Amino acid sequence: DMEKLNIDQINGLMKILPDSSDLEQVKGYQGDPALLGEAEKFFTTLIKIPEFALRLDCMKFAFEFGPMSEDLGRRIKDTLDAGEAVLNSAEVKELLHILLVFGNFINTGGFAGNAVGFKLVLLSKIHEIKSNKPRMTMMHVLVESIEKNRPELLHFYKKFAKLKDIAKIDNAENEKELAEVQKMVEKIEKRMTKLDKKTIEKFADTFKEAKDFCKNAKKGIEDIKGLETKYIKFFVLDKKNYSLQECFKVMAIFCEKFESAITENKKRKEQEERLAKRKAEMAKRAETLPRMKKGGNSLQNQPQEECVVDNLLSEIRGGLKLRKTKSCAGESKVTRNSSIKASNQESVEKWKKTKIAMALVSRRV
């Protein structure tokens, strides 16, 4: 009874089921049942239940089919939904067009210019193409351009959030798993004819649901194969080198790197704004400092200038003191000439000071 047993108990019972030789020995025993061991007593009880092994198989399948069909059905549905979403997305097509324009612009004048398309694998390598700006790639430039010119495309990747996980789904594994379910259903159904009518009716709904699921799942797997053909045609791919799973993987990488570039561009913009603000503050400080210095020097130099003028005026009032020279009998002509020259030089210097003093006085007046 499925109401009294759970899946763990059923699995435990199936591990200790007797084989045919054990059953023959128990059937052939004619002695006192009380003398049997616990295992033999258990086998004796099982013999009284018609087709006990088949009943356990039916119960196990009924327990496991629900979660198993739900998981397989979800994987098939997610693959089909994601595949159709990429192919029918106007945003993806627009982005592919923008990338083509980018590529043709970069390759202008070269053999790769004026291209009508590019390989799908390029989408997973755009973030590796370096820009002429530090720490920027073609992906950063693409995101920056879209943000300025086509902001409605900026968050397209949010529609494909599950693509990374769906890229891990292998349709060949789906097909293999479905084949195992179909084989199990057919095997148990053939044996169910040995059960009584009441037991057959008890599991009839479960096996009908299983057969319907297998039919729908088989169609879904065939649709995935058809979707793969559409991708190969749409992206002009080599069927030998590309599968739907590989296409999903490339698109998942592109979406992931696109989202990362948005975050990185935002951080870089904030850094540039902080740097510009710091430079503006430094420039303002640099403009203020010379004015402060100039004002300080004028205040400091004014008393000093007045002091020099007063000193020069004092010397003028006192008269120019000329050095007297004495001629000595033993003094040579060269020595006397040198002394006269030095005295004249001193007079010239004092005269220069006098002129400066007069000019300062007139300026003050």
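This is a predicted model: local features need pLDDT of at least 70, side-chain atom pairs count only at pLDDT 80 or more; totals for chains, interfaces and linings use all residues.
Local features were taken at pLDDT of at least 70 and side-chain atom pairs at pLDDT 80 or more, whereas totals for chains, interfaces and linings use all residues. Residues are numbered from 1 along each chain as its sequence is written, and side-chain values use heavy atoms, without hydrogens or water.

Rings of Phe, Tyr and Trp (its six-membered ring) were paired if their centres lie within 6.5 Å, with planes under 30 degrees apart counted as stacked, over 60 as edge-to-face and the rest as tilted. By this rule there are 13 aromatic pairs. One of them, Phe42 with Phe43, is tilted, at 6.1 Å centre to centre and 50 degrees between the planes. Phe61 and Phe65 form a stacked pair, at 5.5 Å and 25 degrees. A single aromatic cluster is formed by Phe156, Tyr157, Phe160, Phe254 and Phe258.

A nonpolar core is a set of buried (under 20% relative accessible area, 1.4 Å probe, protein chains only) Ala, Val, Leu, Ile, Met, Phe, Trp, Tyr and Cys residues joined through side-chain atoms within 4.5 Å. The largest such core has 68 residues, and Phe156, Phe254 and Phe258 are among those with the most contacts inside it. Helix α4 gives the most to this core, with 13 residues. Beyond its neighbours within four places in sequence, Phe258 is in contact (heavy atoms within 4.5 Å) with residues including Leu95, Leu142, Phe156 and Tyr157.

Methods:
Buried means under 20% relative accessible area, exposed over 50%, partly exposed in between (1.4 Å probe, protein chains only). Helices (H or I, at least four residues) and strands (E, at least two) are DSSP runs, numbered from the N terminus.
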